[in-house]
Amino acid sequence: MLYSFTGGADGANPQAGLIRDFRGNLYGTTISGGNRVCGAAPDCGVVFKLSPTGEETVIYAFTGGADGGIPLAGLIKDAKGNLYGTTSVGGDLKCSCGTVFVIDTAGKERVLHSFTGGNDGSMPFAGLARDVEGNFYGTTFYGGPSNLGTVFKVDSGGNETVLYSFTGIPDGASPRAGVIAQSTEGGNVKLYGTTSQGGTEGVGTVFELDNGRETILHSFNALNGDGIGPIGLLEAGGFYGTTVAGGALNHRDRSPRSQFQPIGAHRRIRAMAKQCRLLARRSHSDMRNQNVGWNSVRGISSIRRRSHVDEVMRCM
């Protein structure tokens with residue numbers, strides 16, 4: 001064991017993997033701990049550095065305001081040592097729909113893009129991919145015209161372009177994972193990823209995106225044992241991935257309670273997808289109707305805030 005989080009200023013509940021620099025230092029995120037004055041939850045998470053000897057340094061603690069909060073994904077690093085990532089909440093104070101951020105080597109954070117919860121996307125749960133020109137690519141779980149998620153591009157200046165908006169059937173919905181970016185001849189970038197829902201049977205897809213044109217490489221069936229709900233990042237080189245359910249034994253883990261028949265799993269996943277879409281619409285509608293920022297919601301009810309975050313976590 002290299003380090004144990006205490007749940008205080010050092011962070012708590014890391015959800016994503018780590019990256020390493022040439023000196024052997026590790027960098028990562030936690031979804032809680034850090035700043036105790038936070039608008040999105042009791043605490044909003046940190047970006048940390050861990051030395052080869054296990055000494056932790058908090059590089060940045062999120063406040064849950066304009067700077068973002070609750071980073072569910074890991075980081076990427078450029079040649080200069082800058083760290084890039086996403087937060088699932090914070091940013092635009094009328095929505096608190098997440099951010100794309102950069103942290104420089106001095107620990108100063110800058111938000112490249114704040115999602116507004118509309119067509120530009122909402123709640124990025126996954127990390128970023130970067131091309132040779134310094135553009136960043138990622139996904140949002142919600143947002144877009146159908147509120148079923150987007151694939152986006154953010155350039156080095158912070159300008160966002162929505163490359164694709166999901167509609168559910170048959171193209172997919174609610175991407176939980178990020179994308180792989182592959183450069184082709186002529187400077188074009190093809191993107192590959194998964195959606196956790198949608199497709200022909202509503203239980204997820206594997207897709208390719210080329211100049212805004214989506215091609216479904218595989219639509220999971222839920223009835224033939226091929227898997228249900230891919231939520232992890234694909235591995236390049238033939239594309240390898242995982243699903244949270246389905247397969248020959250068709251259960252999430254080895255406990256008897258988790259076992260269910262294919263048709264039951266199908267219905268369960270689709271019911272959960274509907275519940276999550278209603279949650280997103282209700283959350284965004286409440287914010288807009290009240291015309292208040294996330295910081296203003298602090299006074300409404302800390303229990304309600306915590307409940308909202310818990311609901312979002314269940315929808316991941």
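Rings of Phe, Tyr and Trp (for Trp, its six-membered ring) are taken to pair if their centres lie within 6.5 Å, with planes under 30 degrees apart counted as stacked, those over 60 as edge-to-face and the rest as tilted. By that criterion, a search of the whole structure finds 11 aromatic pairs. In one of them, the ring centres of tyrosine 3 and phenylalanine 5 are 5.2 Å apart and their planes stand at 80°, so this pair is edge-to-face. Tyrosine 3, with a relative accessible area of 26%, is partly exposed, and phenylalanine 5 is partly exposed with 28%. Another of the pairs joins tyrosine 84 and phenylalanine 136, which are tilted, at 4.5 Å centre to centre and 35° between the planes. Because tyrosine 84 lies in strand S6 (residues 83-87) and phenylalanine 136 in strand S10 (residues 136-140), this pair ties together parts that are 52 residues apart in sequence. Tyrosine 84 counts as buried at 10% relative accessibility, and phenylalanine 136 counts as buried at 2%. Tyr3 and Phe5 also belong, with Phe48, to one aromatic cluster.

The model is a predicted one, in which local features need pLDDT of at least 70 and side-chain atom pairs count only at pLDDT 80 or more, whereas totals for chains, interfaces and linings use all residues. Residues are numbered from 1 along each chain as its sequence is written, and side-chain values use heavy atoms, with hydrogens and water left out. The pLDDT, which is the predictor's confidence in each residue on a scale from 0 to 100, averages 82 over the protein chain, and 77% of the residues score at least 70. Over residues 252-270 the pLDDT stays under 50, and the model has 31 contacts for this stretch beyond four places in sequence, where contact means heavy atoms within 4.5 Å. Over residues 283-311 the pLDDT is below 50 as well, and that stretch has 53 contacts in the model beyond near neighbours in sequence.

The protein chain contains three helices and 16 strands, these being DSSP runs numbered from the N terminus (H or I of at least four residues for helices, E of at least two for strands). Of the 316 residues in the protein chain, 52% are buried. Among the contacts in the protein chain with a separation of 6 or more, 45% are between residues 24 or more positions apart.

Which residues does asparagine 82 contact, leaving aside its neighbours within four places in sequence? They are Ile76, Lys77, Val102, Ile103, Asp104 and Thr105. Asparagine 82 sits in the loop between strand S5 (76-77) and S6, and with a relative accessible area of 14% it is buried. Glycine 64 is placed in the loop between strand S4 (56-61) and S5, where it counts as buried at 0% relative accessibility. Although glycine 64 and cysteine 38 are 26 residues apart in sequence, their C-alpha atoms are 5.1 Å apart in space.

The backbone brings some further points. Most residues other than glycine have a negative phi, and most peptide bonds are trans. The peptide bond from isoleucine 169 to proline 170 is cis, with omega near 10°, and proline 170 lies in the loop between strand S12 (160-165) and strand S13 (179-183).

The largest pocket remains to be described. It holds about 410 Å³ of space and is lined by 23 residues, of which Ala16, Ala73, Gly74, Gly127 and Leu233 lie nearest its centre. On a 1 Å grid over the protein atoms alone, a pocket is an open set of points where a 1.4 Å probe fits, with protein on both sides within 12 Å along at least five of seven lines, and lining residues have an atom within 4 Å of a point. The lining of the largest pocket divides into 16 nonpolar residues, six polar and one charged.

Definitions and conventions:
Points joined across faces, edges and corners; volume = space filled by probe spheres on them. Nonpolar A, V, L, I, M, F, W, Y, C, P; charged D, E, K, R; others polar. Buried < 20%, exposed > 50% of the residue type's maximum accessible area, 1.4 Å probe, protein only.
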